[in-house]
Amino acid sequence: MSQWKQIQQLEIRLLEHVDYLYDDNFPMDIRQGLASWIESQDWDTAANDESMAAVQFTNLLSQLERVRMQEQNFLQRHNMKIIQQQLQVKYMTNPALIARVISTCLREERRILSSTCMQEQGPLEKSLHNSVAFERQKNMDNRVGIIRGSVQLMDQAVKYIEDLQDDFDFRYKTLQSRDPAERNSDLMKQEVTRLQEILNRLDFKRKEILSKMDVVIKEIDDLMTSQLNPELQDWKRRQQIAAIGGPLLTGLEQLQSWFTLTAQSLFQIKRQLDKLGELVLKVTYESDPIPLQKPQMEERVKYLIYHLIKSSFVVEKQPCMPTHPQKPLIIKTGVQFTTKVRLLVKLPEVDYQLKVKTTFDKDLPPGRVRQFFILTNNTKVMDVEDYTNGCLSVDFRHLQLKEKKYINGTKGNEGLLSVTEELHSLSFEACFTVQGLTIDLETCSLPLVVISNVSQLPGGWASVMWYNLLTDEPRNLAFFGNPPRASWSQLSEVLSWQFSTFAGRGLNKEQLTMLGEKLLGQHASCSDCQVSWSKFSKENIAGKPFSFWMWLDSILELIKKHLLPVWNENYIMGFVSKEMERTLLKDREPGTFLLRFSESHLGGITFTWVEHKDNGDVKFNSVEPYTKSRLSALPFADIIRDYKVISDGVVPENPLKFLYPDIRKDEAFGRLYNSQPSKVHPYIPSTLIPISELRSNSSSTPPSCQSPEPPMTPGEFDMLNEQLCFDIDTMSSPYSE
């Protein structure tokens with residue numbers, strides 16, 4: 001079943017999260033109409049390869065045109081034509097962008113599907129999907145709308161005051177132009193009385209409008225303090241969680257709408273106050289409320305505008321190397337990285353005028369040895385993005401870092417922290433001028449890890465995860481001087497996200513329990529157990545030359561590069577101890593096997609099968625783990641299909657019959673088989689067959705599967721050649737873990 005069909009069968013609650021993924025950047029109509037074709041393309045690679053992205057984009061338009069021509073409904077054909085034209089406008093000059101958009105959508109779909117297999121959501125994900133948040137946003141919409149309505153009514157009130165004052169001014173000047181001899185006439189007295197009535201009403205209306213302004217300004221102040229700023233902080237926290245593999249609920253359109261409407265209200269009030277100031281120049285009187293209250297109100301409005309616009313300057317996309325789009329916040333020296341900043345306040349007066357300058361490590365902590373500078377152009381002008389509701393943003397696509405050279409000839413890290421524990425930041429500065437106000441804008445990225453070699457990438461990613469899991473501070477560069485502990489419930493959720501992000505399917509409760517026991521001990525089942533940074537990433541596992549995280553990261557790499565189809569079919573039990581493995585297999589049919597990751601190798605997968613002897617004994621055989629070097633030569637599903645065992649000179653047979661618990665091997669893996677014997681005439685067809693030699697062992701240790709040394713004797717080869725009509729190339733050297 002295609003991924004899109006699975007998505008359509010989800011419950012309403014999850015479909016609402018799918019709805020978040022699709023907008024004008026990638027309409028759901030395209031996802032629906034080209035579902036199978038979209039899922040068959042390699043968008044991850046295209047997102048980082050401009051030439052491939054251009055080809056994919058051309059193919060996408062061709063596929064869309066094909067579907068459009070086949071559509072019978074006229075309205076649907078028309079809509080698809082509009083979509084096709086919009087895509088061309090948006091992405092023709094930057095096809096890698098739509099590849100990234102589609103890649104992200106497919107990844108998030110897989111995560112949502114993966115979440116349906118989990119017994120329960122973790123605490124972080126629950127907090128992000130809290131229904132209270134949706135109610136809060138509805139309330140925010142209502143408050144912003146009420147404020148806008150109040151400000152519009154105040155516009156009408158100011159206009160009424162202006163008309164009333166014009167009437168007073170005209171009558172007053174007319175009265176002054178009369179002959180002094182007429183001043184004691186009844187008509188003159190009536191006119192003076194009328195003027196006094198207008199002045200009294202004018203005074204009342206001035207006091208009334210100032211009172212209403214005061215109420216609205218207080219309401220805006222409270223809105224910003226109690227709701228708008230917390231919503232912005234919530235978005236920033238969501239961005240942190242998304243950066244380390246969490247749910248992608250980081251859209252800025254709603255925030256931009258709130259910020260823009262609030263800013264428009266404040267600027268409108270500022271104009272209203274300016275208008276009242278102009279009216280005072282024409283007509284004023286003793287105890288006039290405008291000169292008394294206007295200066296204080298203006299200062300409050302300017303203060304709110306200042307803080308609103310300063311806080312609206314955000315990093316929309318954190319720094320990331322295009323070569324590793326799913327591991328942001330890690331930068332390798334000499335390698336291009338990208339980032340994007342955005343102004344959430346949309347005002348026409350500032351279009352095309354904002355220059356943004358980037359600075360690396362603007363405020364470097366004391367004692368830091370390694371220092372870097374931006375090698376490429378670090379200043380760009382913010383531009384209007386028509387396809388995202390006209391927001392101002394700037395996309396830095398070609399930034400590079402270079403390490404500073406030192407006078408004494410030394411460079412590198414000589415401090416207490418390792419290279420991957422040193423945190424850095426990228427600052428962004430701009431000067432904003434609008435309606436007579438000048439505001440210095442500044443924001444910064446989340447803390448970055450700078451590496452000089454790809455071998456440091458796993459350690460760097462561990463640091464990024466630990467920081468963004470445990471703190472929402474945007475710039476705590478000394479974090480790893482004394483890193484806090486994480487509870488197992490927090491950490492396990494993030495570890496599961498790594499598998500759903502990089503491998504398409506998260507971990508279930510049993511797999512996480514095994515990982516918890518491996519990290520914390522056999523009896524560490526409590527979700528509140530605390531894990532130290534050192535235990536997670538720095539200390540070696542007992543008896544092993546690698547840390548827990550290095551072991552887990554190597555498994556992720558193995559799945560991503562060699563085991564993805566098998567993993568996503570849920571055929572790999574993966575994280576299960578050898579003791580549990582034997583418990584599960586002992587009562588199963590002979591030839592039942594399960595797949596698990598090696599505990600003694602970095603990036604290894606093994607399978608164990610059960611045999612029942614005539615005397616009632618149960619034997620377990622485990623093959624030596626297959627690592628990336630061996631899986632590069634032969635797909636894992638083909639290894640399972642063709643695996644053979646030589647036992648005491650007996651003709652080879654495949655001992656693998658049933659995938660645990662009782663699925664026939666070919667039923668489980670049949671559609672994943674890839675390689676076929678070569679058919680190059682006139683040569684004899686050949687294939688690669690993984691073979692193990694099972695040698696009897698009189699000791700209590702279960703028999704092991706070992707490869708002969710040399711790989712196969714001439715006699716053994718002759719025997720096999722007689723039984724099989726093709727060449728044999730032994731692949732693996734199995735043994736019992």
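**From a salt-bridge network to the cores**

R143, E219 and D222 are linked in a network of salt bridges. A salt bridge here is a side-chain nitrogen of Lys or Arg within 4 Å of a carboxyl oxygen of Asp or Glu. Side chains of opposite charge can pair when their charged atoms come close.

The model is predicted: local features need pLDDT of at least 70, side-chain atom pairs count only at pLDDT 80 or more, and totals for chains, interfaces and linings use all residues. Residues are numbered from 1 along each chain as its sequence is written, and side-chain values use heavy atoms, with hydrogens and water left out.

Start with the overall picture. The protein has 23 helices and 22 strands. Both are DSSP runs, numbered from the N terminus: helices are H or I with at least four residues, strands are E with at least two. Of the 737 residues, 49% are buried. Buried means under 20% relative accessible area, exposed means over 50%, and partly exposed lies in between, using a 1.4 Å probe and protein chains only. Now take contacts, meaning heavy atoms within 4.5 Å. Among those between residues at least 6 apart in sequence, 72% join residues at least 24 apart.

Next, the interior. In soluble globular proteins, nonpolar side chains tend to be buried together. A nonpolar core is a set of buried Ala, Val, Leu, Ile, Met, Phe, Trp, Tyr and Cys residues joined through side-chain atoms within 4.5 Å. The largest such core holds 156 residues. Those with the most contacts inside it are F536, F575, L595, I605, F607, F636 and F669. Helix α11 (residues 186-243) gives the most to this core, with 18 residues. A second, separate core has 35 residues, including V18, A46, A99 and I102.

Leaving aside neighbours within four places in sequence, F536 is in contact with A462, M465, W466, L491, L495, L519, V531, S547, F548 and W549. S537 lies in helix α17 (residues 533-538). At 15% relative accessibility, S537 counts as buried. Residues up to four places away aside, S537 touches A462, S547 and W549.

A462 and W549 also take part in a helix pair. Helix α14 (residues 457-470) packs against helix α18 (residues 548-568). Their axes are 10 Å apart, at an angle of about 105 degrees. That makes α14 roughly perpendicular to α18. Axes are lines fitted to C-alpha atoms, for helices over the stretch in contact, and angles run from 0 to 180 degrees between N-to-C directions. Under 35 degrees counts as roughly parallel, over 145 as roughly antiparallel, 65 to 115 as roughly perpendicular, and the rest as oblique. Which residues of α14 and α18 meet? From α14 come P458, G459, W461, A462 and M465; from α18 come W549, M550 and D553. The residues of this contact divide into six nonpolar, one polar and one charged. Ala, Val, Leu, Ile, Met, Phe, Trp, Tyr, Cys and Pro count as nonpolar, Asp, Glu, Lys and Arg as charged, and the others, Gly among them, as polar.

Back to the charged pairs. How many salt bridges does a search of the whole structure find? It finds 35. One of them joins R31 and E39, whose closest N and O atoms are 2.9 Å apart. R31 is buried, with a relative accessible area of 0%, whereas E39 is partly exposed at 26%.

Another joins R171 and E191, with the closest N and O atoms 3.2 Å apart. This pair links distant parts of the chain: R171 sits in helix α10 (residues 131-176) and E191 in helix α11, 20 residues apart. R171 is partly exposed, at 25% relative accessibility.

E429 pairs with K362, and here the closest N and O atoms are 2.9 Å apart. E429 is partly exposed at 26%, and K362 is partly exposed at 33%.

Two last stops. K346 has its place in the loop between β3 (337-343) and β4. K346 is partly exposed, with a relative accessible area of 39%. The C-alpha atoms of K346 and Q256 are separated by 7.5 Å, and the two residues are 90 residues apart along the chain. L15 is found in helix α2 (residues 12-21). At 27% relative accessibility, L15 counts as partly exposed. L15 touches I7 and L10, not counting residues up to four places away in sequence. The C-alpha atoms of L15 and E109, 94 residues apart along the chain, are separated by 9.9 Å.
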